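Biologist: Please take me through the labels used for this model. For each one I want the value, the cut-off and the conclusion.

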Amino acid sequence: MHHTWHRDRYAIMSSSISSADIYRGFVNQLRYPEDYINKIVHGDCIDVMKALPSGCVDLVVTSPPYNLKNSTGNGMKNGRGGKWSNAALIKGYSHHDDCMPHEDYVAWQRTCLTEMFRLLSDDGAIFYNHKWRVQNGLLQDRSDIVKDFPVRQIIIWRRKGGINFNPGYFLPTYEVIYLIAKTKFRLVPKANAYGDVWEFGQEMHNPHPAPFPVELIERIVGSTDAQTVLDPFVGSGTTALASLNLGRNFIGIDVSDHYCNMAVARLMGHDLSRLSDESKPKQNTLFNVDIESEP
Ligand SMILES: C[S@@+](CC[C@H](N)C(=O)[O-])C[C@H]1O[C@@H](n2cnc3c(N)ncnc32)[C@H](O)[C@@H]1O
């Protein structure tokens with residue numbers, strides 16, 4: 001599949017890409033659905049989400065920046081990655097310094113969640129991945145971020161591996177995933193048997209500093225019958241890739257052109273023909289998946 005580039009309408013385009021396009025620049029010139037569905041959109045996620053119509057996605061799966069650089073030493077200030085399993089994060093993201101005053105960070109994330117929630121269909125849900133930590137003796141359990149959103153459940157993602165340089169702490173091995181759900185949201189049959197503690201190893205061969213493991217996102221997407229999946233912090237494109245693998249549509253957004261390119265490179269060559277017609281993203285019949293039982 002070869003897309004035609006709209007050089008006159010968008011600031012740039014790169015060469016031929018088979019399965020996803022990057023749109024840089026003027027979000028307000030993009031048209032829904034054709035410029036969003038199964039595309040990686042380069043921009044600030046709030047700007048891009050604000051341009052999308054309410055109820056246009058069934059599922060949001062995302063991991064925001066954790067504000068890790070705002071740290072007291074119980075994080076990454078020791079310059080070695082400390083307890084954080086992916087020392088690459090010390091360098092931060094390419095276009096986000098991950099170091100906001102805590103209150104600003106909370107306000108920003110609440111605005112992001114508000115937009116995500118607006119974009120959800122009536123039976124949709126958000127899987128919002130974050131990390132709890134203690135800083136200056138205060139527990140940051142992220143309740144200030146998710147306050148007033150309908151949190152239905154917290155899933156523990158247990159990650160294997162990691163190196164602990166800090167003799168004062170046990171090696172941290174888990175993150176949390178908030179399931180924030182509209183009332184009508186339901187899992188597909190048998191998915192509830194996965195339980196609420198999931199073990200997935202870290203992604204080892206991905207140059208992005210904080211990627212999801214593909215299997216984790218396939219677990220989430222495959223536990224729902226969502227047809228269109230949004231990740232407003234899509235990074236290296238894991239949510240898009242997992243959605244494609246399961247025959248679902250995606251919308252991916254990232255502020256970094258570097259990571260957008262990374263995501264597109266991972267998606268190249270994937271077959272979009274199984275997906276619904278972009279002009280009819282709500283087609284019903286294509287996306288029934290069988291959920292495998294746990295080994
Ligand atoms: C934890 S990473 C997500 C990684 C992703 N789950 C993956 O598998 O590669 C967070 C991402 O948020 C992006 N980001 C930071 N600020 C953003 C913003 N305002 N709008 C969109 N993306 C942003 C960063 O560039 C980074 O790629």
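Biologist: Where is K190 placed?

Modeller: In this predicted model, K190 sits in the loop between strand 8 (174-181) and strand 9.

Biologist: Why is K190 called partly exposed?

Modeller: K190 has 13 other C-beta atoms within 10 Å. Exposed needs 12 or fewer and buried needs 20 or more, so K190 falls in between and is partly exposed.

Biologist: What is said about the phi of K190?

Modeller: The phi of K190 is positive, about 80°, although K190 is not a glycine. Most residues other than glycine have a negative phi.

Biologist: What makes D148 exposed?

Modeller: D148 has 8 C-beta neighbours inside 10 Å. The limit for exposed is 12 or fewer, so D148 counts as exposed. D148 lies in the loop between helix 3 (143-146) and strand 7, and its phi is also positive, near 75°.

Biologist: Which peptide bond is cis, and what is its omega near?

Modeller: The bond from Y32 to P33 is cis, with omega near 5°. P33 belongs to the loop between strand 1 (22-23) and strand 2. Most peptide bonds are trans.

Biologist: How do you know that L216 is buried?

Modeller: Inside 10 Å, L216 has 27 C-beta neighbours. Buried requires 20 or more, so L216 counts as buried. L216 lies in helix 4 and, leaving out residues up to four places away in sequence, touches W157, W198 and F200.

Biologist: What makes helix 4 mostly covered?

Modeller: Seven of the nine residues of helix 4 are buried: L216, I217, E218, R219, I220, V221 and G222. Their cover includes strand 3 (57-62), strand 4 (120-130), strand 7 (151-158), strand 9 (197-199), strand 10 (228-231) and helix 5.

Biologist: How many residues of helix 5 are buried, and what do they pack against?

Modeller: Seven of its eight residues are buried, and helix 5 is mostly covered. The buried ones are T238, T239, A240, L241, A242, S243 and L244. They pack against strand 2 (39-42), strand 3, helix 4, strand 10, strand 11 (249-254) and helix 6. Just after helix 5, G247 has a positive phi of about 75°.

Biologist: What makes helix 5 roughly parallel to helix 6?

Modeller: Helix 5 and helix 6 pack at an angle of about 20°, with axes 9 Å apart. The limit for roughly parallel is under 35 degrees, so helix 5 is roughly parallel to helix 6. Helix 5 passes helix 6 in a right-handed crossing. In this contact A240, L241 and L244 of helix 5 meet A263, R266 and L267 of helix 6. By class the contact has five nonpolar, no polar and one charged residues.

Biologist: Which residues touch the most other members of the largest nonpolar core?

Modeller: V57, V60 and A263 do, in a core of 55 residues. Helix 6 (residues 257-267) gives the most to this core, with six residues. Beyond its neighbours within four places in sequence, A263 is in contact with I40, V234, S236, G237, A240, G252 and D254.

Biologist: How many helices and strands are there in the protein chain, and what share of its residues is buried?

Modeller: The protein chain has six helices and eleven strands, and buried residues make up 40% of its 295 residues.

Technical notes. Residues numbered from 1 in each chain as written. Predicted model: local features only at pLDDT ≥ 70, side-chain atom pairs only at ≥ 80, totals over all residues. Core = buried A, V, L, I, M, F, W, Y, C linked by C-beta atoms within 7 Å. Helix = DSSP H or I, 4+ residues; strand = E, 2+ residues; numbered from the N terminus. Contact = placed C-beta atoms within 7 Å. Axes fitted to C-alpha atoms, helices over the stretch in contact; angles between N-to-C directions. Parallel < 35°, antiparallel > 145°, perpendicular 65-115°, else oblique. Left-handed = near helix turned anticlockwise from the far one by under 90°. Nonpolar A, V, L, I, M, F, W, Y, C, P; charged D, E, K, R; others polar.
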